[in-house]
Amino acid sequence: MLGSDAILRSLEHEGVDVAFGIPGGAILPTYDAIARGTSVRHVLARHEQGAGHMAEGYARASGKVGVAIATSGPGATNLVTAIADAWMDSTPLVCITGQVRSNLIGTDAFQEVDITGITMPIVKHSWLVQDVEELPSVMKAAFHVARTGRQGPVLVDVAKDVQEAEIDFAYPDDVDLPGWKPPRKVHPRQVREAALAIAAAQRPIVYAGGGVLNAEACAELRELVDAARLPAVVTLMGKGCLPDSHPLNYGPPGMHGSKYANWALNKADLVIAVGTRFDDRVTGKVSAFAPGAKVIHFDIDAAEVGKIRHADIPVVGPLKLALAQLTAELRSLAAEHPQVHGPWLRQVEDWREQFPFRYAKQDGILKPQTAVEMLRDLSAGLEEDVVWTTGVGQHQMWAMQYLVCDKPRSFITSGGLGTMGYGVPAAVGVKAARPDATVVCIDGDGCFQMTCQELATAALERLPIITVVINNGWLGMVRQWQEMFYDERFGQTHLTHAVPDYAQLAEAYGCAGFTAETEGELEAALAGAFGAGRSAVVDVRCDPEEKCFPMVPAGAAAVDILEAPEPETEFVG
Amino acid sequence: MSTHTISVRLENKPGALARVSQLFSRRGYNIQSLAVGPTERSDISRLTLRVDCSEHSLEQIEKQMHKLVNVLRVTELRPDDSLERELALITVAVAPDKRADLVALSQVAGAVVADIGRDAITFEVVGRPDQVEAFEELVRPYGVRELVRTGRIGLRRPSRAATPSERN
């Protein structure tokens with residue numbers, strides 16, 4: 001067979017059922033192999049960035065490795081944002097790019113870029129394949145590296161002549177990667193120490209992140225929380241790893257997290273960090289983050305432990321194993337160590353009652369938070385699962401604050417990189433992974449305009465998604481910063497509510513379009529969108545001035561989180 | 001801040017060195033010197049890096065490097081239990097009447113004359129980094145025209161190596 005066939009046979013061996021991409025010159029032989037026949041479904045995106053985010057959405061929703069395919073040059077560089085996003089959020093991705101012919105590499109040939117060089121800082125590893133005999137072992141290694149250890153993106157760049165070369169294909173059973181040794185065990189002594197620290201803690205708190213989802217350790221986390229009655233905060237990336245409606249889940253900490261979650265971290269004497277990396281959006285000023293706490297840090301990646309915050313008890317290894325062992329240790333300690341953190345649980349609960357997420361409604365003005373609440377309530381009444389995606393900005397933070405996600409992999413967002421435009425293509429990828437679920441993208445108007453061409457993909461590939469554009473007519477989060485920190489100089493953030501007309505745009509792409517300016521209209525629009533039987537876009541024209549609170553100003557201590565100011569009562573819409 | 005010597009066993013594969021060096025620039029660590037060359041195995045290279053950094057950064061560097069697929073092993077070479085050597089070529093300006101003095105001086109210091117020109121001599125000096133530096137200081141008053149150092153290379157001393165049981 002040909003090298004191009006070998007790529008497809010490798011994907012089949014890896015159990016890939018869907019790949020996302022766009023053909024072009026240097027990857028043409030591989031698309032010819034797709035045309036010749038494969039069990040891999042190819043979803044044709046409209047931009048390679050979209051293909052990359054689709055692969056990410058697919059990976060996050062399914063737990064499998066996402067696959068994106070692009071041609072050389074601009075095709076490959078268009079993938080870069082998605083690769084960087086996957087890198088920051090530890091999403092397993094295999095990106096396959098065509099490269100110019102071997103004899104042209106290094107000559108600045110048409111559509112040649114050094115994509116392995118460009119992506120070097122944002123991949124776990126990459127391969128430039130110039131010998132067809134290496135192709136099967138490289139493909140095997142690519143999937144292995146992407147999915148083992150801390151998950152993340154890899155890149156396989158295949159010269160065009162390699163795709164055209166003859167090969168006797170045999171897929172290897174094993175990988176030969178002597179330098180790749182992710183941890184498979186945890187140190188029992190460290191787990192024991194962690195258990196003793198938890199048993200003795202008066203003000204313990206679990207701080208759980210996206211690593212719990214990647215490690216498929218959600219059940220183990222819940223066991224731990226239940227067994228030791230530990231209050232938990234869950235980051236943006238971790239949302240869904242512990243049910244939002246679990247009474248001990250205190251939700252998101254950080255810049256737009258709750259006051260109670262930030263306070264609980266601040267006053268804790270023991271922080272049990274699980275699959276999380278002390279991101280600056282969570283910690284605020286690091287020196288003021290949980291200042292009185294010892295830290296236990298569970299992570300698969302040793303380099304995250306002690307990177308930002310010293311770990312008094314580091315536990316490096318697979319979380320599923322570590323958490324199960326920890327809970328077992330705690331149970332065996334329970335007899336001699338009666339729990340001493342009862343008053344702390346009451347304290348944290350008091351804070352929650354005192355400082356809930358809140359916003360002021362105003363007559364005649366549709367608040368973006370109301371739209372999110374309506375979506376939440378609507379989804380609660382559905383029989384099927386709902387999987388949410390978002391873009392990045394205010395709407396994302398409101399989604400984080402107000403949506404209730406009780407299942408793992410039901411909230412899919414761009415965290416570390418903060419990639420505007422993630423939501424729509426990610427939703428298409430989610431739908432490919434979860435055809436049984438209703439997939440809803442809560443997007444901003446700024447984000448939506450960055451990748452909305454993928455509505456065509458959703459429509460034509462029959463991957464119906466519902467996109468709810470929280471349209472405040474502005475780059476809202478930037479506007480918020482301009483209002484609060486740049487003396488209200490609103491430079492270059494006004495997009496307008498009206499251009500484009502999102503409902504018409506949706507129709508142009510073969511989707512159903514709806515527009516709502518009041519709660520009543522929104523209710524009808526959502527009913528229409530959820531019942532459309534095809535992709536739909538709901539343009540929610542809402543208050544341009546609404547700001548996202550609470551908020552930790554950049555560089556401030558998280559404990560000094562700002563509450564929403566009292567509503568200006570004289571203002572009536 | 002202090003200076004550390006890090007020794008890295010690296011698969012001899014295309015791009016492997018670039019991955020290590022980009023990691024340093026990406027994470028903001030400053031490399032003082034870097035020497036890379038073949039080892040007892042043709043498929044493995046060894047890098048010796050001198051890095052200015054805190055203990056905390058050193059730990060981060062080691063951990064981040066361990067994550068590179070081509071990196072087989074990272075060890076810090078501590079002065080007490082390792083050998084370090086460096087080679088320098090130094091071209092010194094010298095008038096014909098001072099030539100004999102300089103050559104005599106270099107012989108005492110253990111340097112070798114590699115080439116002699118009309119008004120300059122190139123010395124080759126191999127030794128511990130402090131010896132190389134001392135020779136450099138010694139000839140500096142004559143006028144150093146050009147100088148190149150390989151950067152240090154190092155190995156753990158077998159006499160100080162951990163017993164197999166300590167190696168875990």
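Which domains does the domain assignment of chain A give? In this predicted model, the assignment divides chain A into domain 1 (3-164), domain 2 (188-354) and domain 3 (368-548). The legends below treat selected regions in turn.

**View 1. Contact between domain 2 and domain 3 of chain A.** The centres of domain 2 of chain A and domain 3 of chain A, taken over C-alpha atoms, are separated by 31 Å. Domain 2 of chain A contributes 14 residues to the contact, and domain 3 of chain A contributes 15 residues. On the side of domain 2 of chain A that touches domain 3 of chain A, 7 residues are nonpolar, 4 are polar and 3 are charged.

**View 2. Contact between chain A and chain B.** Chain A supplies 13 residues to this contact and chain B supplies 16 residues. On the side of chain B that touches chain A, the elements giving two or more residues are α1 (16-26), α2 (55-66) and β4 (71-77) of chain B. This side of chain B comprises 6 charged, 5 polar and 5 nonpolar residues.

**View 3. The open parallel sheet of chain A.** In chain A, 6 strands form an open sheet with parallel pairing, in the order β2-β1-β3-β4-β6-β5. From one strand to the next, the twist averages 20 degrees.

**View 4. Strand pairing and a helix lying across the sheet strands of chain A.** Strand β4 (residues 93-99) of chain A runs parallel to strand β6 (residues 153-159) of chain A, and 7 bridges join the two. T97(A) has D157(A) as its bridge partner in β6(A). Helix α3 (residues 48-62) of chain A lies across β1 (18-21), β2, β3 (66-70) and β4 of chain A. The angle between helix α3 of chain A and β3(A) is about 170 degrees.

**View 5. The buried helix α16 of chain A.** Helix α16 (residues 394-402) of chain A is largely enclosed by the rest of the structure, because 9 of its 9 residues are buried. The buried residues of α16(A) are Q394(A), H395(A), Q396(A), M397(A), W398(A), A399(A), M400(A), Q401(A) and Y402(A). Their cover includes the helices α15 (368-380) and α20 (476-485) of chain A. The strands β12 (386-390), β14 (438-444) and β15 (466-471) of chain A are also among the covering elements.

View 6. P500(A) belongs to the loop between α20 and α21 (502-508) of chain A. P550(A) is placed in the segment after β17 (536-541) of chain A.

**View 7. Positive phi at S90(A) and Q492(A).** Although S90(A) is not a glycine, its phi is positive, at about 55 degrees. S90(A) sits in the loop between α4 (74-88) and β4 of chain A. Since 20 or more neighbours are required for burial, S90(A), with 26 C-beta neighbours inside 10 Å, counts as buried. Q492(A), likewise a residue other than glycine, has a positive phi near 60 degrees. The loop between α20 and α21 of chain A holds Q492(A). With 8 other C-beta atoms within 10 Å, Q492(A) is exposed.

Notes. Residues numbered from 1 in each chain as written. Chains lettered and ligands numbered in written order. Predicted model: local features only at pLDDT ≥ 70, side-chain atom pairs only at ≥ 80, totals over all residues. Contact = placed C-beta atoms within 7 Å. Helix = DSSP H or I, 4+ residues; strand = E, 2+ residues; numbered from the N terminus. Nonpolar A, V, L, I, M, F, W, Y, C, P; charged D, E, K, R; others polar. Domains from an automatic or database assignment. Buried ≥ 20, exposed ≤ 12 C-beta atoms within 10 Å, placed from the backbone. Pairing = 2+ DSSP bridges. Axes fitted to C-alpha atoms, helices over the stretch in contact; angles between N-to-C directions.
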